[in-house]
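Please view the sequence and structure first.

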Amino acid sequence: MCQVEEDYNGLECNQEKIPLPTLNRKCVKCKEGTAALIIRVNDAFCRSCFKEYFIHKFRAMLGKNRIIFPQEKVLLAVSGGAASCSMLSQVQEGLSREAPKKLRFVPGIVYIDDGGACGRSAEERQSSNAQLKSIFTETGFPYFIVPLEQVFGLPTSVLAPGTSDPEPSNPSYKQAVDQYIKENQTLTEENASSAVAQLSIEDSAHSPERRLALVRLFSSLKTLTAKEDMLQTLRQHLILHVARENSYSKVMMGDSCSRLAVKLLSNIALGRGAALASDTGFSDPRYGDVVIVRPMRDYSSKEIAFYSRMFNVPSVFISGLDTKSHDKASIQRLTESFVTNLQSDFPSTVSTIYRTSEKLHTVMPPQSRAPEPASKCLLCLCTLDTKVDKASAFHATLVSEQLSQTKPQDPSGDEPERCCTEGQGCGPGGCCSSNRLPSHQDLKTLLCYSCRLTIKDMAETDALPPYIITEAEKRQKRSRMKMEISEYLLEDEDVD
């Protein structure tokens, strides 16, 4: 290989050095101020221009999509990290009187305390919650601090897909803006100030039973990959429940461009290719009545770190499941390490992956006013991707798994033992086998491919929260009733 300054036939080969960027240069926007930071090689900004650039990016993302209507209640999901706290700062500044173009929605804040699943002590949880409370109180927005243990008290309605109202009475964006301007002109300053909702905190006491149930749930998961996937699912269920209970129709997530690039590749490895558009797009309408939006998806982690540092955006470091873990501890951690290391050598890695995610679209089947729950995954509520053609390779894989799990028939020809004798020992609900908890095989038909892999890593499915088990039993009973009705109709046709 060619070496630097190697002599070839008396000719000295000197490698030309690329000049490193320095801060002794002018801002690329105003051409006057001295650059305070360099985002990319040719993008040097002064302090004031970088702030304008950062704010404009956030407003442009909301204005381009026009999903959030004036006076609509929007819930901000804040985790305490730099990205979600920067999103909170942008909303707070956009609603201030000094803003040239004010945001017109009504914000609220939710934080999911997942310390019970991540192994944090009670003192660490109280300390982080106290720091977040002080940040939330300064904003003046209503906020909810919900412990993850609350998932063991959720109703089954969380897993029921809501319906978005497509009626013509639902105003368009322009009509909503005109209506807001007319109403705003009649409001006095006193009414406008009293329109801010009172502070509400969902900080119920952590019962020992729920704490132990949460520990048991995550102890039954064998791999860190499955634990992170389950934690994300339960966190989404809690946020969805808080939004529905308090009439929030939109939820803002603080996913940055760097985070979404990692999420895109890790979800492909986890078998969530069919849901990539929903998991990484600007809007995620899978829940129907509550839409997830990601206004921070155009920001890189470097831009967010610079903004938080330069303008003193408060944030709280909270350890997670993968804190202090090695690079190969989970699929998510390995993908993050791969993308981060590649980004350091090739600066366009994250942006290339991110632009790919922008081109993804989900083929949505025609939905009725009330979507069928059986067509949705029991955990992630995405459209089931396991109903495949019988000639596909995926169906062949399923058949081979079923054959490997089939028990060999007894050579004596005797029938297998039943759980109870017909007509004896059975309660009014039928055979006792119908009242058992759903097993891995029972849940398999109700889950998408990725969630099947997560449940497959569970040692015991009865550790799942009660609302998931109850909803699974409801769907299985509904499926059995449909099969019985169809068989009855076929028998009638044969008789005729």
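## Aromatic pairs

F50 is buried, and Y307 is buried too; buried means under 20% relative accessible area, exposed over 50%, and partly exposed in between, with a 1.4 Å probe and protein chains only. The model is predicted: local features need pLDDT of at least 70, side-chain atom pairs count only at pLDDT 80 or more, and totals for chains, interfaces and linings use all residues. Residues are numbered from 1 along each chain as its sequence is written, and side-chain values use heavy atoms, leaving out hydrogens and water.

How many aromatic pairs does a search of the whole structure find? The search finds ten. Rings of Phe, Tyr and Trp (its six-membered ring) pair if their centres lie within 6.5 Å; planes under 30 degrees apart count as stacked, over 60 as edge-to-face and the rest as tilted. F50 and Y307 form a tilted pair, at 6.4 Å centre to centre and 55 degrees between the planes. This pair links distant parts of the chain: F50 sits in helix 1 (residues 47-65), Y307 in helix 11, 257 residues apart. Helices (H or I, at least four residues) and strands (E, at least two) are DSSP runs, numbered from the N terminus. The rings of F136 and Y143 have centres 5.5 Å apart and planes at 50 degrees, so this pair is tilted. Both F136 and Y143 are buried. Ring pairs also build a cluster from F45, F50, Y53, F54, Y299, Y307 and F311.

## Salt bridges

The count comes to 18 salt bridges. The rule asks for a side-chain nitrogen of Lys or Arg within 4 Å of a carboxyl oxygen of Asp or Glu. R125 and D113 meet this way, with N to O at 3.0 Å. R125 lies in helix 4 (residues 122-139) and D113 in strand 6 (residues 106-113), so the pair ties together parts that are twelve residues apart in sequence. R125 is buried, and D113 is as well.

R294 forms a salt bridge with D255; their closest N and O atoms are 3.3 Å apart. R294 lies in the loop between strand 10 (291-293) and helix 11 (301-310), and D255 in the loop between strand 8 (250-252) and helix 9 (257-269), so the pair ties together parts 39 residues apart in sequence. Both R294 and D255 are buried. D284 bridges to R286, with the closest N and O atoms 2.8 Å apart. D284 and R286 are both buried. Shared partners join D113, D114, R120, R125, E149 and R235 into one salt-bridge network.

D279 is found in helix 10 (residues 276-280). Is D279 buried or exposed? Its relative accessibility is 5%, so D279 counts as buried. Leaving aside neighbours within four places in sequence, D279 is in contact with L260, K263, N267, R272, R286 and R294. Contact means heavy atoms within 4.5 Å.

## Helix 12 against helix 13

Two packed helices are described by the angle between their axes and the distance between the axes. The axes of helix 12 (residues 331-345) and helix 13 (residues 349-358) come within 8 Å and cross at roughly 120 degrees. That makes helix 12 oblique to helix 13. Angles under 35 degrees count as roughly parallel, over 145 as roughly antiparallel, 65 to 115 as roughly perpendicular and the rest as oblique. Axes are lines fitted to C-alpha atoms, for helices over the stretch in contact; angles run from 0 to 180 degrees between N-to-C directions.

Which residues meet here? V339, L342 and Q343 in helix 12 meet T349, V350 and I353 in helix 13. The residues of this contact divide into four nonpolar, two polar and no charged. Ala, Val, Leu, Ile, Met, Phe, Trp, Tyr, Cys and Pro count as nonpolar, Asp, Glu, Lys and Arg as charged, and the others, Gly among them, as polar.

## Loop residues

K31 has a positive phi of about 65 degrees although it is not a glycine. K31 lies in the loop between strand 2 (11-12) and strand 3 (37-40). K31 is exposed, at 57% relative accessible area. N312, also not a glycine, has a positive phi of about 55 degrees. N312 lies in the loop between helix 11 and helix 12 and is exposed, at 64%.

A329 is found in the loop between helix 11 and helix 12. A329 is partly exposed, with a relative accessible area of 24%. A329 and T225 are 104 residues apart in sequence, and their C-alpha atoms are 7.8 Å apart in space.
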